[in-house]
Amino acid sequence: MIRRLPVVPRPLPRESLLSWLDHMATMYDVSRKDMARACGLLSPGDKTTRIADSGPSSAAYGLSVADAARVEQATGLAAEDLQRMTWLRFLNTAVKAELADAVPRDRFGVMKASWIDPRELRFCASCIQETEGRWFLEWCTPWAFACLRHGCYLLSECPTCRTALRTGDVGLANGRCRGVERHRLLGITGRCGVEYQKMQAPALRDDSLTDLQLLLEQHLAWPQPASDQAKGDLADLAAMAEFALYVATPGHLDGADPVVRERFAEFCASTTLGNYRTIHGNPSPMVRTAALRVASQIVFSTDPWSSARKIADFASRPLPSHVLPLHQAWLKHPPKDTTHRLERIVRSVRIATPSILTPDRRVVPGP
């Protein structure tokens with residue numbers, strides 16, 4: 001029989017289920033696992049993977065009716081409030097509708113197809129000071145890159161040692177960076193140890209990204225009846241951000257803040273081989289922010305086709321060689337849920353067997 005916990009803090013608006021669970025664990029001075037058992041998230045036979053940030057059985061993807069009933073009995077929170085703290089909150093807007101019916105082994109794939117890695121985390125140090133380390137679900141998405149309230153970019157890595165942050169291994173309430181910092185002069189290494197709440201984030205001065213973040217916050221807050229426009233905008237932005245990752249250059253970021261330009265320049269230098277951009281793994285959150293900036297200038301322009309052609313004239317024949325990797329990527333995994341705004345762009349990139357111009361100026365058939 002599950003007993004009602006004597007004190008249960010109300011979840012913050014937009015808070016993640018794992019954040020709420022960790023906050024209660026800190027309040028009662030127990031582990032996340034013990035708190036999950038106390039509030040009904042873990043049954044006696046369940047493994048701790050149920051309270052991981054990802055994985056087939058993670059409760060972060062959504063609670064079953066039985067799970068929600070147990071937690072409601074132990075905490076008094078309504079099942080609807082509990083589901084809002086899981087990825088079901090963004091169903092059919094930022095998260096594809098397939099998540100609701102996906103078998104456990106396919107859930108992570110649905111999230112990746114939604115352009116989200118649930119293991120990633122960004123945060124605002126000023127916000128976590130005010131919330132005692134509690135964090136918001138949208139901070140695990142590429143759609144949250146700045147805190148408009150405090151006028152800064154969200155941190156996705158330690159500013160000192162550049163160790164990436166992950167939802168499963170940080171305690172923002174009173175934690176410190178566990179990365180390794182190398183002394184530039186002495187050549188020795190040591191634990192970084194910077195407190196999360198004292199990390200300094202770059203200031204947000206870019207009007208384009210400020211406006212984009214405001215729009216994205218509105219989209220992520222919209223209820224389901226108004227989700228069609230949000231779904232279309234997010235799908236279009238994701239497609240054009242992928243386009244930017246393959247073909248844009250730092251020169252297409254005029255007016256961007258230095259941290260955005262610098263990280264994108266590093267990305268371009270590390271992924272370009274000859275005339276080709278070869279992308280392996282996940283670009284960092286700041287790099288995707290740069291790609292979103294380029295994407296927004298295409299998607300929300302009066303003529304997206306002309307705006308995209310200013311970056312790469314992929315409609316020309318022969319096809320510029322640096323567009324070839326994008327062509328191959330979209331043949332294998334074409335963008336989904338995009339609107340009519342991008343129809344001509346997507347169709348042109350995916351034209352079968354285009355000709356390409358080689359570095360020595362020869363025209364050869366494409367793959």
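Predicted model: local features only at pLDDT ≥ 70, side-chain atom pairs only at ≥ 80, totals over all residues.
At what angle do helix α9 (residues 258–271) and helix α10 (residues 285–299) pack, and how far apart are their axes?

Residues are numbered from 1 along each chain as its sequence is written, and side-chain values use heavy atoms, with hydrogens and water left out.

**Helix pair.** I found α9 and α10 packed at about 105°, with axes 8 Å apart (helices are DSSP runs of H or I, at least four residues, numbered from the N terminus; axes are lines fitted to C-alpha atoms over the stretch in contact, and angles run from 0 to 180 degrees between N-to-C directions). That makes α9 roughly perpendicular to α10, a label for angles of 65 to 115 degrees. Across this pair, Val-259, Val-260, Arg-263, Phe-264 and Phe-267 of α9 meet Met-286, Val-287 and Ala-290 of α10, where contact means heavy atoms within 4.5 Å.

**Ser-307.** I then looked up Ser-307, which lies in helix α11 (residues 304–309). Is Ser-307 buried or exposed? Ser-307 is buried because its relative accessible area is 17%, and buried means under 20%, exposed over 50% and partly exposed in between, with a 1.4 Å probe and protein chains only. Leaving aside neighbours within four places in sequence, I recorded contacts of Ser-307 with Gln-297, Ile-298 and Ser-301.

Definitions and conventions. Helix = DSSP H or I, 4+ residues; strand = E, 2+ residues; numbered from the N terminus. Parallel < 35°, antiparallel > 145°, perpendicular 65-115°, else oblique.
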